[in-house]
Amino acid sequence: MAATPRFRKNAVHADAVDATTAEASAGEPDGGGSVGPPDRKHPVDETLPPLRMFTSGLQHVAAMYAGVVAPPMILGPAVGLSAKETAFLMGASLFTAGIATLLQTLGFWRIGARLPFVNGVSFAGVTPMIAIGKDRGHDGIAVIFGAIIVAGILGFVLAPYFCKLVRFFPPVVTGTVITLIGVSLLPVAFNWSQGGNATADDYGSMTNITMAAVTLVIVLALRKLLRGFLQQIAILLGLVIGTLIAIPAGITDFGALADADVVGFPTPFHFGAPQFEIAAIVSMCIVMLVCMTESTADMLALGKIVGRPADERTIEGGLRADTLGSVLSPVFNGFMCSAFAQNIGLVAMTKVRSRFVVAAGGVILVVLGLVPVAASVIALVPLPVLGGAGIVLFGSVAASGVQTLATAALEKGENALIVAAAVGVGLIPIAAPDFYHAFPKDMLVVLDSGISTGCVVAIVLNLAFNHWGRRPDEEPEAEMAESEQPKDPMAVPVAP
């Protein structure tokens, strides 16, 4: 394989951009080249009018809100925190998610993917964090924060080396991983559609599922009937309409709004100075590697969707933003930061590719973290309503993966076998959640992530079938497929 990864080439419209210019542009700090004439910005770098910027950013926040607050909501009671302290953790997680998102979208130096990439609290760390801090109260939180800081520093140091894995992500691998991302997220939407809390009396009730179905129909109808800007914010409109309908249905909870403070700042090290324990550090370092693998896959997926394929520099910057955000997050009482794949589905569906829109979402997250009462307004959206919209969002990610697989020449070599095995292994945690119950808990950090296991299987099999043992003058089937793939149908045409 060539030393320079093939993803570095700007693939938005290859026949309209000189190869030399594309290579030079790909190496610039902003993470990608321009589209068409020099004076025309790539859609990723375009700014929108203020109202559109705000509403589109708010739509991203609405899509990710439940995912940000769920880990602290689960962790707080597990380590013995009070309801008020758990609410404090939730606000801090929103605040730190906003900071991490700004690092990703705006960036500085060689930090940040500079793509419409949303960051927030990683679910991958919930189980090991509970194991570390269970029933230890403030000391448990302090140990968790210390382990996250060390893991973040390790990840930051490894980022320049980890990003070189991009050369092992041809379409047969990226398509498989993108598909697994979407499919792995769908159970989250199904859980939300049932109510989100499996122990609640109304979990899976006809009211909850009907509300999710109504929201799904509303979103689809709005996408069909509306045009222009209103069509782009169909998800947000669907969430608002669904929430209004849910009020007379009795599933909208106003309690959080009544109890919320007007202003609150996540005091640095609110639970005490970080503590460092070897076992906890090792556990969170493993989680960090899992998060870096998933973020790499997410950046490749998003790069395909927005028409700016992620090269090594983009991935390096994105991983540095992830890991730096994870180092800073515990200072303000937040947790490990990673990519939010559900927002990739929102980008794919709305086709709003501006990173500044997501940066606006980052600002909104920071404000929500500083103004708890404002965060509570977003929290009014019932989980069944969010679940109905999530089916479309997460399904869009899976559809993008299938679209990428269509360019992977599955009829050549063993590419179809690679996809079959990787998808099969990646679906195990979804189809059989207790499949690995007899394995050590530390291994479950990786095995319970279908995205991570499927990604590893796809990479290894691609190497085994398309690289190892071939003659130097033979081009791997997967790379041939990449060079022959059609133009991205979502790309913006270049003016002649």
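The model is predicted: local features need pLDDT of at least 70, side-chain atom pairs count only at pLDDT 80 or more, and totals for chains, interfaces and linings use all residues. Residues are numbered from 1 along each chain as its sequence is written, and side-chain values use heavy atoms, with hydrogens and water left out.

**Overall make-up**
- The protein chain holds 21 helices and 2 strands. These are DSSP runs, numbered from the N terminus: helices are H or I with at least four residues, strands are E with at least two.
- Of its 496 residues, 55% count as buried. Buried means under 20% relative accessible area, with a 1.4 Å probe and protein chains only.
- Of the contacts with a separation of 6 or more, 82% join residues 24 or more positions apart. A contact means heavy atoms within 4.5 Å.
- The accessible surface is about 19800 Å², and carbon and sulfur atoms account for 67% of that area. Areas come from the Shrake-Rupley method with a 1.4 Å probe; for residues, only the protein chains shown count as cover.

**Confidence**
- The chain averages a pLDDT of 78, and 81% of the residues score at least 70. pLDDT is the predictor's confidence in each residue, from 0 to 100.
- Helix H7 (residues 206-225) has the highest mean, 92, and helix H1 (residues 19-26) the lowest, 37.
- Residues 1-36 stay under 50. Residues 477-496 also stay under 50.
- Where pLDDT is low, the predicted coordinates should not be read in detail.

**Helix H14 (residues 355-370)**
- Its 16 residues should span 22 Å at 1.5 Å a residue; the end C-alpha atoms are 23 Å apart, which agrees. The expected span is 1.5 Å times one less than the number of residues.
- H14 is largely enclosed by the rest of the structure, because 12 of its 16 residues are buried. Among them are Arg355, Val357, Ile364 and Leu368.
- At the helix start, a side-chain oxygen of Ser354 comes within 3.1 Å of the backbone nitrogen of Phe356.

**Nonpolar cores**
- A nonpolar core is a set of buried Ala, Val, Leu, Ile, Met, Phe, Trp, Tyr and Cys residues joined through side-chain atoms within 4.5 Å.
- The largest has 102 residues; Ile141, Ile144, Ile181, Ile235, Met284, Phe335 and Met336 touch the most other members.
- Helix H11 (residues 278-306) gives the most to this core, with 15 residues.
- A second, separate core of 5 residues includes Leu48, Met53, Val352 and Ala360.

Conventions. Buried means under 20% relative accessible area, exposed over 50%, partly exposed in between (1.4 Å probe, protein chains only). A polar contact is a pair of N or O atoms within 3.5 Å; within protein, one must be able to donate a hydrogen and the other to accept it, and residues adjacent in sequence count only if both atoms are side-chain atoms.
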